[in-house]
Amino acid sequence: MNSRADGDTTLAALAHASALIASFFGPILFLILCDDDDELVRENAKNAINFQIMILVLTLIAAVLILLIIGLFLLPLIGVLDLIFVLIATVKANNNEIYSYPLTPDIV
């Protein structure tokens, strides 16, 4: 689901992009630093946190599945999917859109 909102597009885009470097800690920082009335940054940061939590869970599952060899194929796939979806979300956030990652529940 994509919706539009007014706010600081740079911070919203950086909330997503920071996940590539700092997992869910980067978006948490942007969630803390955003203004209370900046819906664009707040919602994009929450969505980024939710997605990074899902990536962490999938990575842990793939790490356990390394014992069955399938994890060796899943770990790189998870990394590539993380990169692709974060880049898409960064571009969408830069265009004043609140980007919701696919198949990601609202945890935060």
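This is a predicted model: local features need pLDDT of at least 70, side-chain atom pairs count only at pLDDT 80 or more; totals for chains, interfaces and linings use all residues.
**View 1. Phenylalanine 51 and phenylalanine 85 pair edge-to-face.** The ring centres of phenylalanine 51 and phenylalanine 85 are 6.0 Å apart, with 75° between the planes. This pair joins distant parts of the chain, since phenylalanine 51 belongs to helix α4 (residues 39-64) and phenylalanine 85 to helix α5 (residues 70-94), 34 residues apart. Phenylalanine 85 has a relative accessibility of 22% and therefore counts as partly exposed, whereas phenylalanine 51, at 7%, counts as buried. Together with Tyr99 and Tyr101, Phe51 and Phe85 make up one aromatic cluster.

**View 2. Phenylalanine 24 and phenylalanine 25 form a tilted pair.** The structure holds four aromatic pairs; in the one shown here, the ring centres of phenylalanine 24 and phenylalanine 25 are 4.6 Å apart and their planes stand at 40°, so the pair is classed as tilted. Phenylalanine 25 has a relative accessible area of 58% and is therefore exposed.

**View 3. Helices α3 and α4 cross in a roughly antiparallel arrangement.** The axes of helix α3 (residues 25-33) and helix α4 come within 8 Å and cross at roughly 155°; because angles over 145 degrees count as roughly antiparallel, the two helices are assigned to that class. The crossing of α3 and α4 is left-handed. On the α3 side, the contact is made by Pro27, Ile28, Phe30 and Leu31, and on the α4 side by Val41, Arg42, Ala45, Lys46, Ala48 and Ile49. By class, this contact of α3 with α4 comprises eight nonpolar and two charged residues, with no polar ones.

Technical notes. Residues are numbered from 1 along each chain as its sequence is written. Side-chain values use heavy atoms; hydrogens and water are left out. Rings of Phe, Tyr and Trp (its six-membered ring) pair if their centres lie within 6.5 Å; planes under 30 degrees apart count as stacked, over 60 as edge-to-face and the rest as tilted. Buried means under 20% relative accessible area, exposed over 50%, partly exposed in between (1.4 Å probe, protein chains only). Helices (H or I, at least four residues) and strands (E, at least two) are DSSP runs, numbered from the N terminus. Axes are lines fitted to C-alpha atoms, for helices over the stretch in contact, and angles run from 0 to 180 degrees between N-to-C directions. Angles under 35 degrees count as roughly parallel, over 145 as roughly antiparallel, 65 to 115 as roughly perpendicular and the rest as oblique. A crossing is left-handed if the near helix is turned anticlockwise from the far one by less than a right angle, and right-handed if clockwise. Contact means heavy atoms within 4.5 Å. Ala, Val, Leu, Ile, Met, Phe, Trp, Tyr, Cys and Pro count as nonpolar, Asp, Glu, Lys and Arg as charged, and the others, Gly among them, as polar.
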